[in-house]
Amino acid sequence: MQTLAHLPVIPPWRTADDDARLARYRRYLAFDAGRHDIGRVGSGGVPLVANYARVFVRKGASFLFPEPATISVTPPADAPDPAALAARVEDALHRIARDNDLAAADLATAIDAGVLGDGAFKLTWDTDRAAVRIVPVDPQTLCVETAPDDVRRVRTIRQTAQMPRDHAAALWH
């Protein structure tokens, strides 16, 4: 007999829309992995699947980001030394891009967006390194609450992940 402790916990903040989105992601990921709905295959027949979708998504992402994005800053016209200010800001942004390998993060997120229809980054402050941290995030781990009258006005973003108990204990002991 199964006890309540073994049943999956569905957070109260997860909505039917989230469940529908996650189901859609599972279908898209299966398609990307080559598990296509190919219909009936005759007795003893082996389906041949050409996974063209995977090729198109990755090729499209590589055309979207053929090289790292460039950074150009236009300082306020009334800045004391606009050229020097622009150079300092550009240097800082280049360092952040290099330290976070943003070229690889852009490509990974473009592939996620091509497969799932959604892509996401998480930008945080790393107190140990005293630096900006930018990482691609699996959209499957996100739930977003928006204003009821404007889906572009974000109220809350929750990121969840499952991990073995011993890993969680090591992280948050």
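1. Let's start with Leu116: leaving aside residues up to four places away in sequence, Leu116 touches Tyr25, Tyr28, Leu29, Asp138 and Pro139. Please keep in mind that this is a predicted model.

2. As general background, nonpolar side chains in soluble globular proteins tend to be buried together.

3. Helix 1 is worth a look from end to end. Its 17 residues reach 24 Å from the first C-alpha to the last, close to the 24 Å expected at 1.5 Å a residue. Just after helix 1 comes Gly34, with a positive phi of about 95 degrees.

4. Which residues of helix 1 are buried? They are Asp18, Arg21, Leu22, Tyr25, Ala30 and Asp32. Their cover includes helix 2 (52–64), helix 4 and strand 3 (142–147).

5. Helix 2 buries Ala53, Val57 and Ala61. These residues lie on the same side of helix 2 because they cover an arc of only 65 degrees around the axis. Helix 1 and helix 4 are among the elements covering them. On the face turned away from this buried side, helix 2 carries the exposed residues Val55, Phe56 and Phe63.

How values were computed: Residues numbered from 1 in each chain as written. Predicted model: local features only at pLDDT ≥ 70, side-chain atom pairs only at ≥ 80, totals over all residues. Heavy atoms only, no water. Contact = heavy atoms within 4.5 Å. Helix = DSSP H or I, 4+ residues; strand = E, 2+ residues; numbered from the N terminus. Expected span 1.5 Å × (residues − 1). Buried < 20%, exposed > 50% of the residue type's maximum accessible area, 1.4 Å probe, protein only. Arc of directions from axis to C-beta.
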